[in-house]
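Look over the sequence and the structure first, then work through the points by topic.

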Amino acid sequence: MAIDGKIALITGAAQGIGQGIAERLAKDGADLALLDLTEDSLQETKAKVEALGRRTITIAGDVSDKASLESAVNRTADELGGFDIIVNNAGIAGPITPVEGITEADFDKIYAINVKGVLFGIQVAAAKFKELGKGGKIIAATSIAAHDSFPMLGLYSSTKFAVRALIQASAQELGAHGITVNGYSPGIVGTGMWEEIDRGFAELTGAEIGATYKKYVEGITMGRASTPEDVANFVSYLAGPDSDYMTGQTPLIDGGMVFR
């Protein structure tokens, strides 16, 4: 197992991609701290991790609150006996609206979670890695929308472009401490987030429910939407030793939608 005995904290771990990442890292041998807004929402993921024979703790926390993330990192280290990896997975889709329709409330809400949540995750993880006197792995969710912006998704896309910038800058600043910083950029994943995006397009354009999702999936080279497991398999690489010489990158894991 590639990361046998390592300790990882995963944000947004209650469902979807976060739950898939938790299962995969547990299979890889990691013990896990799982964070989401409520502990009740984490019980399914916790049960899956424990069924794989790994230790786990659940933490109720808000990634937009730095003190909450700092507490989560400290609990991870104290209760699981170490801290090696953080996966800043938590995020929201935001409103489906033209740029002219973006409100200040929309902006504040999505930036608080998608950008501040990653920034704070990088800060508190780096501080703990340095305190422990060793390197570590910082991993964050981006998106195909961090590489190409999409109409009606401009606000969401801007948050993901911002996360790429944070990844690139912090990778350069933290490399001397043995800390790598990388991201993963999924495409169309069959999760609740894409159900929300599809509904938003339906309300905005009058399209039938499911039509927008179907249109995007039909454009995928591999002929299907991604699963959380597809994304988790790549995060496993970022969390393991085979990626030790990789930092500041946000590769696409989208089945062939955006090409770079």
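Helix α7 gives the most to the lining of the largest pocket, with five residues. Helices (H or I, at least four residues) and strands (E, at least two) are DSSP runs, numbered from the N terminus. The model is predicted, so local features need pLDDT of at least 70 and side-chain atom pairs count only at pLDDT 80 or more, while totals for chains, interfaces and linings use all residues. Residues are numbered from 1 along each chain as its sequence is written, and side-chain values use heavy atoms, with hydrogens and water left out.

**The largest pocket**

- The largest pocket holds about 880 Å³ of space.
- On a 1 Å grid over the protein atoms alone, a pocket is an open set of points where a 1.4 Å probe fits, with protein on both sides within 12 Å along at least five of seven lines; lining residues have an atom within 4 Å of a point.
- A volume is the space filled by probe spheres set on the points, and grid points are joined across faces, edges and corners.
- The largest pocket is lined by 40 residues, and the closest to its centre are Asn 89, Ala 90, Gly 91, Ile 92 and Met 193.
- Two or more lining residues come from each of α1 (16-27), β2 (31-36), α6 (154-174), β6 (179-186) and α7 (192-205).
- By class, the lining of the largest pocket has 23 nonpolar, 13 polar and four charged residues.
- In this scheme Ala, Val, Leu, Ile, Met, Phe, Trp, Tyr, Cys and Pro count as nonpolar, Asp, Glu, Lys and Arg as charged, and the others, Gly among them, as polar.

**The second largest pocket**

- The second largest pocket has about 160 Å³ of space.
- Among the residues that line the second largest pocket are Ala 2, Ile 3, Lys 6, Gly 135, Gly 136, Lys 137 and Asp 244.
- Five nonpolar, three polar and four charged residues make up the lining of the second largest pocket.

**Two domains**

- The protein chain is divided into domain 1 (7-187 + 228-253) and domain 2 (189-225), with bounds from an automatic or database domain assignment.
- The C-alpha centres of domain 1 and domain 2 lie 24 Å apart.
- Domain 1 gives 19 residues to the contact and domain 2 gives 12 residues; contact means heavy atoms within 4.5 Å.
- Why does the largest pocket lie between the domains? Domain 1 and domain 2 both give residues to its lining, so the largest pocket lies between them.

**Buried residues**

- Buried means under 20% relative accessible area, exposed over 50%, and partly exposed in between (1.4 Å probe, protein chains only).
- Trp 194 is found in helix α7 and is buried, at 9% relative accessibility.
- Not counting residues up to four places away in sequence, Trp 194 touches Gly 187, Ile 188, Val 189, Thr 212, Tyr 213 and Tyr 216.
- Trp 194 and Thr 212 are 18 residues apart in sequence, and their C-alpha atoms are 9.7 Å apart in space.
- Ala 22 lies in helix α1 and is buried, with a relative accessible area of 0%.
- Beyond residues up to four places away in sequence, Ala 22 touches Ile 10, Leu 32, Leu 34, Thr 45 and Val 49.
- The C-alpha atoms of Ala 22 and Thr 45 are separated by 7.3 Å, although the two are 23 residues apart along the chain.
- Thr 180 sits in strand β6 and is buried, with a relative accessible area of 10%.
- Leaving aside neighbours within four places in sequence, the contacts of Thr 180 include Gly 136, Lys 137 and Asp 244.
- Thr 250 lies in the loop between α9 (228-239) and β7 (252-253) and is buried, with a relative accessible area of 8%.
- The side chains of Thr 250 and Arg 164 are joined by a polar contact of 3.2 Å.
- A polar contact is a pair of N or O atoms within 3.5 Å; within protein, one must be able to donate a hydrogen and the other to accept it, and residues adjacent in sequence count only if both atoms are side-chain atoms.

**Partly exposed residues**

- Met 152 is in the loop between β5 (136-141) and α6 and is partly exposed, with a relative accessible area of 30%.
- Most residues other than glycine have a negative phi. Phi of Met 152 is near 75 degrees, a positive value.
- Leu 119 lies in helix α5 (residues 116-132) and is partly exposed, with a relative accessible area of 30%.
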